[in-house]
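Hi there,

Here is the structure I promised to pass along.

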Amino acid sequence: MKKIALTGIKPTGILHIGNYFGAIKPALELARDYDARYFIADYHALNTMKDPEEMASCIREVAAGWLAAGLDPEKVIFYRQSSIPEVFELTSMLMAFTSKGLMNRAHAYKAAVQENAERGDDPDAGVNMGLFTYPVLMAADIILFDSDVVPVGKDQVQHIEMAQDIAQAVNFNYKKEVLKVPRAAVQDEVAVVPGLDGRKMSKSYGNVIPLFAPEKELRKLVMRIVTNSQGVDEPKDPDASQIYQLYKLFAPAEEQAALAARYRAGGMGWGEAKEELFRAANRTLGPLRERFEAIMTDREKLDAVLEQGAEKARPIAAATVRRFRKAAGIDRK
Ligand code: TRP
């Protein structure tokens, strides 16, 4: 039997090419070898996203984005967290096995408390219980589906370790393996995608290239990439240029080598280097953009795809909750 890979996708804002190369593409590759269960973590987003219009459009855009990028809902169970009531039932059960001290140590909570301290505010100002208990909900997401591996970025590793701690606390108490203990799969070799200013591409830096930017906008953004002041004739170091780093993501090896040689030879200015990047990026992203636009125009179909995913997910979820309730003595049969 194939092992199970599961990951949650928080629907916050539009997808950018950093998301694509850092998370979407590796997760889709993993789905070839694993039974994959990928879901939209809309209840996690609710902690920070209180505008209903924004919530609804983020959910739709992110779901459509993953489908456009190649997620096959026949092969991957693809659903919304909010469609699986057992997630919240399991969360409540796991709460009873989660020490408050463990939550006090969570990076996101600690960072919020520290920021408050620096401002001289109350330590818990602006911290809702959803943020404080975020790792328990995430543990429930994972444990509910008997996940073996959880592909995530480095920033999420602590959350996976907490899910392990919580599952182990349950198993230890009942002296049997009631819940599967998951493992993080951090993809180290995934390239850090540089943004327009050369720092890591990140929404919080405002340096992103949206994955589905219309062709004209894509071109404009590429032309805005910051460069040094080397002139056209000067030889350039491809490895020191974020234009080339981005180009590498889109071009096959032979084209990479050929363009690197042109950088080194001199005679190619930054404008032309950007033109090459735009061409390669648009060649890859053009078809993705078209699929995305097609999916976005048929809202009912998109909802149906997510609903079908939820229908496949629920029996799995129900079985885990049943097992746990039985172990706990809540259900005797
Ligand atoms: N916390 C994750 C993030 O911010 C999203 C997430 C929610 C998740 N539940 C999960 C990831 C379960 C992996 C497994 O990116």
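Let me begin with the charged pairs: the structure holds 15 salt bridges. Please keep in mind that this is a predicted model, and that every value below is computed from it.

**The overall picture**

The chain has 333 residues, of which 47% count as buried. Its secondary structure comes to 14 helices and five strands. Taken along the principal axes, the C-alpha atoms fill a box of roughly 80 × 50 × 35 Å.

**Salt bridges**

Asp-148 and Lys-180 bring their side chains together in a salt bridge, at 3.0 Å from N to O. Is each partner buried or partly exposed? Asp-148 counts as buried because its relative accessibility is 15%, under the 20% cut-off. Lys-180 has a relative accessible area of 24%, so it is partly exposed.

Another pair that links distant parts of the chain is Arg-219 with Glu-275. Their closest N and O atoms are 2.6 Å apart. Arg-219 belongs to helix H10 (residues 215-223) and Glu-275 to helix H13 (residues 270-297), the two being 56 residues apart. Arg-219 counts as partly exposed because its relative accessibility is 34%, and Glu-275 is partly exposed too, with a relative accessible area of 25%. There is also a network: salt bridges that share partners join Arg-262, Glu-272, Glu-276 and Arg-279.

A further salt bridge is formed by Asp-72 and Lys-75, with 3.5 Å between the closest N and O atoms. Asp-72 is partly exposed at 29% relative accessibility. Lys-75 has a relative accessible area of 65%, which means it is exposed, the cut-off for that being over 50%.

**A negative patch**

Which residues form the negative surface patch? They are Asp-298, Glu-300, Asp-303, Glu-307 and Glu-311. Of these, Glu-307 is placed in helix H14 (residues 299-328). Glu-307 counts as partly exposed because its relative accessibility is 39%, which lies between the 20% and 50% cut-offs.

**Two more spots to look at**

Ser-202 is in the loop between S5 and H10. At 17% relative accessibility, Ser-202 counts as buried. Its side chain makes a polar contact with the side chain of Ser-204, at 2.8 Å.

Lys-25 lies in helix H1 (residues 17-30) and is partly exposed, with a relative accessible area of 34%. How far apart are Lys-25 and Gly-70 in sequence and in space? The two are 45 residues apart in sequence, and their C-alpha atoms are 8.7 Å apart in space.

Notes. Residues numbered from 1 in each chain as written. Predicted model: local features only at pLDDT ≥ 70, side-chain atom pairs only at ≥ 80, totals over all residues. Heavy atoms only, no water. Patch = residues over 30% accessible without salt bridge, like charges linked within 9 Å, V, L, I, M, F, W, Y side chains within 5 Å. Areas by Shrake-Rupley, 256 points an atom, 1.4 Å probe, with all protein chains shown as cover. Salt bridge = Lys/Arg side-chain N within 4 Å of Asp/Glu carboxyl O. Lys, Arg positive; Asp, Glu negative; His and termini not counted. Charge placed at Lys NZ, Arg CZ, Asp CG, Glu CD. Helix = DSSP H or I, 4+ residues; strand = E, 2+ residues; numbered from the N terminus. Buried < 20%, exposed > 50% of the residue type's maximum accessible area, 1.4 Å probe, protein only. Polar contact = N/O pair within 3.5 Å; in protein donor to acceptor, adjacent residues only side chain to side chain.
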